[in-house]
Amino acid sequence: MSCFNERETSAHGFTLVLKADYVKKLSDTDVVTVAYSAVINKDAEIDDATGNSNTATLTYSQQTATDTVYVATYDFQLFKTDGSAEHTYLPGATFKLYDALTGGNLITVGKDDSDDPRYYLDSTKDVEIEVTSEDGVNVRGLKPGTYYLEETHAPSGYNKLTERKPVTITSGQTTAHEVYVENHAGAELPSTGGRGTTLLYAIGAALVIGAAVLLIARRRTEQ
């Protein structure tokens, strides 16, 4: 049963009021702990240890205690290019974000509606990260650690990445971490042991046998 009998919310937070019968049961040595959690949103300031503040004020009898916490959050700028030294921009690539090189958990993101769209961590959304500009796209709301980008769709005429691209965020970084993901054009060879490889081996063996038969036939003709 809750010890609160009132909860008022506003755009700037909420207020809880302890029930009178609960307060009457408290002694001078009892400790009341109020725990709360908050999730940063797409408007959180990046790379600022004092920008995202959250303050809790507790008033009990004639005493007031205030506690303020700050949350630093980070971002990276994702660029999609070809393999040239000029890093030529490639349109049409999409990605998903994971917490492991293989398997692992999908990290869901949302997208804002600005002219220069940004992606942010949001457990209620699940959109793909799409690079639509040569200036790249911003992914924010990250804590320090290593993340992995999995390409779900490659630019037209280019091969899709065969493994995830790691992105490492470090505590205290002052600028967006720049991530360049390259695609290369050209035909992909069938994977080792696949049916395509077996077909290539069969065709190669047939050519060798055909050449051997032709050589034997020529030798018999010459004799």
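User: What is the bridge partner of Y120 in β11?
Analyst: In this predicted model, Y120 has R140 as its bridge partner in β11.

User: Which strand joins β11 there, and how many bridges are there?
Analyst: That is strand β9, residues 118-121. It is joined to β11 by 3 bridges.

User: Parallel or antiparallel?
Analyst: β9 and β11 run parallel.

User: And β5 with β11, in which sense do they pair?
Analyst: Antiparallel, over 5 bridges. Strand β5 covers residues 74-82.

User: Which residue stands opposite L142 of β11?
Analyst: Y74 does.

User: How many residues of β11 are buried?
Analyst: 5 of its 6 residues are buried. The strand spans residues 137-142 and is mostly covered.

User: New topic. Where is N183?
Analyst: N183 sits in strand β14, which spans residues 177-183.

User: Is N183 buried or exposed, and why?
Analyst: N183 counts as buried because its relative accessible area is 1%, and the cut-off for buried is under 20%.

User: What does its side chain touch, for N183?
Analyst: The N183 side chain makes a polar contact with the side chain of E151, at 3.2 Å. The N183 side chain also reaches the backbone oxygen of N159, at 2.6 Å.

User: What else is N183 in contact with?
Analyst: Leaving aside neighbours within four places in sequence, its contacts include K80, T81, D82, L90 and Y158.

User: Back to E151. Which residue does E151 form a salt bridge with?
Analyst: With K80. The closest N and O atoms are 2.8 Å apart.

User: Why does that pair tie parts together?
Analyst: E151 lies in strand β12 (residues 145-153) and K80 lies in β5, so the pair links parts that are 71 residues apart in sequence.

User: Are E151 and K80 buried or exposed?
Analyst: E151 is buried, at 4% relative accessibility. K80 is buried too, at 1%.

User: How many salt bridges does the count come to?
Analyst: The count comes to 5.

User: What about R118, which residue does its side chain meet in a salt bridge?
Analyst: The R118 side chain meets that of D112, at 3.2 Å from N to O. R118 is partly exposed, with a relative accessible area of 27%. D112 is buried, at 9% relative accessibility.

User: And K125? Which residue is its salt-bridge partner?
Analyst: D122, at 4.0 Å from N to O.

User: Is K125 buried or partly exposed?
Analyst: K125 is partly exposed, at 36% relative accessibility. D122 is buried, with a relative accessible area of 18%.

Key
Residues numbered from 1 in each chain as written. Predicted model: local features only at pLDDT ≥ 70, side-chain atom pairs only at ≥ 80, totals over all residues. Heavy atoms only, no water. Buried < 20%, exposed > 50% of the residue type's maximum accessible area, 1.4 Å probe, protein only. Helix = DSSP H or I, 4+ residues; strand = E, 2+ residues; numbered from the N terminus. Pairing = 2+ DSSP bridges. Polar contact = N/O pair within 3.5 Å; in protein donor to acceptor, adjacent residues only side chain to side chain. Contact = heavy atoms within 4.5 Å.
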